[in-house]
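Reader: I have a structure open and want to go through one residue and the interface around it. Can you help me read it?
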Amino acid sequence: MENKFNITGAEAITLALIEEGVDTVFGYPGGNNLPVYDSFYTHEKEIRHVLVRHEQGAVHAAEGYASANRRVGVCMVTSGPGATNLLTGIADAQLDSVPIVCITGQVVKPQLGYDAFQETDVVGFSMPVTKWNYQITSASEIASVMAKAFYIARSGRPGPVLLDITKDAQTQIIEKFEYKKCTKIRSYHPKLKPSETSVNEAATLLNNAQRPLMIVGHGVLLSGCQDEVKELAEKLDMPVASTLLGLSSVENDNPLFAGMVGLHGNYAANMMTNRCDVLLAVGMRFSDRVIGNPEKYATQAAVIHIEIDPSEVGKIISPAVGIVSDAKSALQKILPLIRKSSHISWLNQMREFQAKENETVINENLSKLRMGKAVRVVSEKKSGSTAVVADVGQNQMASARYFSFQPGDSIITSGGLGTMGFALPASIGAAYTKKFQNVVCIMGDGGFQMTIEELGTIMQYKLPVKILLLNNNYLGMIRQLQDLYYNSHYYFGEMQNPDFVKIVEAYGIKAEKVDNLEALEPAVKRMMDYNGAYFLEVRVEKQENIYPVIPSGKAVDEMLLTPNN
Amino acid sequence: MNRKYTLLIYTENHVGLLNRISIIFTRHKVNIESLNTSPSMEEGVHSFVITVNTSLAQAEHLRKAIEKQVEVLKAFLYEEKQVIPMEVALFKISTANLKSGNALEKLIRESSARIITVEPEFLVIEKTGTQSDIQDFLRQLSDFDVREFIQSGRVIVTRPMGKLKDYLLELEKQEEE
């Protein structure tokens, strides 16, 4: 970009965003960011601003945009309550490694610390949940700090960055504005080379394995190594399981796909974790929801852990070989060292486990008006690439378990923080990327009511989001936990809900309700064929529990297929 | 088993870094026993010396969480036998003590402490040593009516011979282009 002369700080912020390739900003105006809005006004063609209905919506939309696009998502809000309303989304992005830059307005510098109207110490309280944050109090800092912010958000293990910019910094005049992208920070080494020794050790283990298992996580998608994963799995004849956030990195009907690991994952994936002899974990962090009891997790296996964040290696599970590296670089180094193998009986074991889960759980769920059935019908009726934006709770597990992800599809959901209300605003962000032919937002009745106001954003911008509401008039996962661990004391799990169809119709969005199995397929078809936003409420069974489940404190291979087994 | 560990942390010299580091201890509910910050040999690089009583696993986890911060250059973890520690303490005592015999002067001499200023009303003694040297000295001073006592955070030199610059060069070599 040519240098600019005598521009305001606000103009500099806008130009910096344009230089970083930002085309969409999700935001909400307020007293302390209005100078930036005034600058946006003159750059309407370059930057699209999307007015959400609540700041939490802005940050989740930025996350949805970032996850769908593999680019940095941006949200812009004002000081005080605008800033505090971001916190949930920032924490969410931190746990799920989502690259976002959040810009908050702030009171003028002389008022900092004097309890001015809408002043709050956002830099202080966002510190534990940001990868980096900074307060800009002078316009002269804007170019270098914004360049640093975008570099930090997207490089290495991605994450949220917050910039707090005082109003006087937005209005000051910069004599000469020069923008250079940041490519290096002395104290920050985001992309380390895999060490040759560890790569060789990993290859030896894999070549000698009798029962190898690969688990892929979000890191596979972040580094874009789906092809390498597939090549390695096929070369080694190695089954591939996935974490929740890694689901769309392998086509789910691949014969080597073992399913999802974890608490409500697939039976085969969990049983094989504690039966394999070599466990190759790629871009995942062994979260408690994945591993069950850590003392009894894959103790029989030599674990190879490929992970870009050095602090994750050995944090929960001590690997036999730890490879600190970007997943793609590591797999590219390992692949040429791998000999072609075949593991027929091991794969047969997988198919037996899969058959058992089909017989005892899946087939029954698909024969009734249950969450899994509704999701499966969407999976079958959709045509073209689809982003499944799932909320949190039973609806999320049903989405993960019953949608069959194909190349081009993506799951976008709140994995680490488990943020109810994530899906509706995140689907707005995903819709803006135009990366998918369909954006399907799957929610329960609890989460829907947490960010229901974003229906207004969908209405105003005519976003073609397909909203599938799996309504059981219950906080289903809570009811399930009360059922399993609290003597079925269903205390505060049941909800008296409004007429959702009427609410959605009031926003001018096409809406319908289904309460019997026969009506499901035609309704889903109508939704998926409709040109524009569509809301489908499915009145699913009221008392459905998600099985299989790893009971609390148990090992992954102590997973229960039914309440009685 | 809980033991004393010392973290030596090199950082950029930026506003807010102390907070970013200290909240990591808060989050893990580990108490900071002592903390010292000062400029380092390298220009623009600040050092933190933090001591904690905790398990080795927890201390190593803390080290990694600290080193993960964008503006932290490097964090090292040391056991007691790997460091040579020192602390400094100041004691304010009434000058009248000097007039009532030479017991105080004798104690100061024998303890390798020194008087750094004598005012009409009070004098200030400085004692450099380990935590226990200083505590011993404070106990011995109990007969002399200590009016004020303050002790610095721990500073250390470490036994390994590596230089910060070498570690940083090493890291750069490991980076992908």
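Reader: Start with A:His189. Buried or exposed?
Author: This is a predicted model. In it, A:His189 has a relative accessible area of 16%. The cut-off for buried is under 20%, so A:His189 counts as buried.
Reader: Where is A:His189 found in chain A?
Author: In the loop between strand 8 (173–177) and helix 9 (196–208) of chain A.
Reader: Which residues is A:His189 in contact with, leaving aside its neighbours within four places in sequence?
Author: B:Leu171, B:Glu172 and B:Glu175. With B:Glu175 there is a polar contact between the two side chains, at 3.2 Å. The A:His189 side chain also reaches the backbone oxygen of A:Arg186, at 3.4 Å.
Reader: OK, the interface. What area do chain B and chain A bury between them?
Author: About 2,200 Å², with 49% of it on carbon and sulfur atoms. On the chain B side, B:Arg20, B:Val70 and B:Glu176 lose the most area to chain A, together 33% of what that side buries.
Reader: And how many residues of each chain are in contact?
Author: 23 of chain B with 26 of chain A.
Reader: How many salt bridges across the interface?
Author: The rule finds 4. One pairs B:Glu71 with A:Lys148, where the closest N and O atoms are 3.4 Å apart.
Reader: Which element of chain B gives the largest share of the side that touches chain A?
Author: Helix 6 of chain B, with 4 residues. By type, that side of chain B divides into 11 charged, 6 polar and 6 nonpolar residues.

Notes
Residues numbered from 1 in each chain as written. Chains lettered and ligands numbered in written order. Predicted model: local features only at pLDDT ≥ 70, side-chain atom pairs only at ≥ 80, totals over all residues. Heavy atoms only, no water. Helix = DSSP H or I, 4+ residues; strand = E, 2+ residues; numbered from the N terminus. Buried < 20%, exposed > 50% of the residue type's maximum accessible area, 1.4 Å probe, protein only. Polar contact = N/O pair within 3.5 Å; in protein donor to acceptor, adjacent residues only side chain to side chain. Contact = heavy atoms within 4.5 Å. Buried area = accessible area lost by both parts, 1.4 Å probe. Salt bridge = Lys/Arg side-chain N within 4 Å of Asp/Glu carboxyl O. Nonpolar A, V, L, I, M, F, W, Y, C, P; charged D, E, K, R; others polar.
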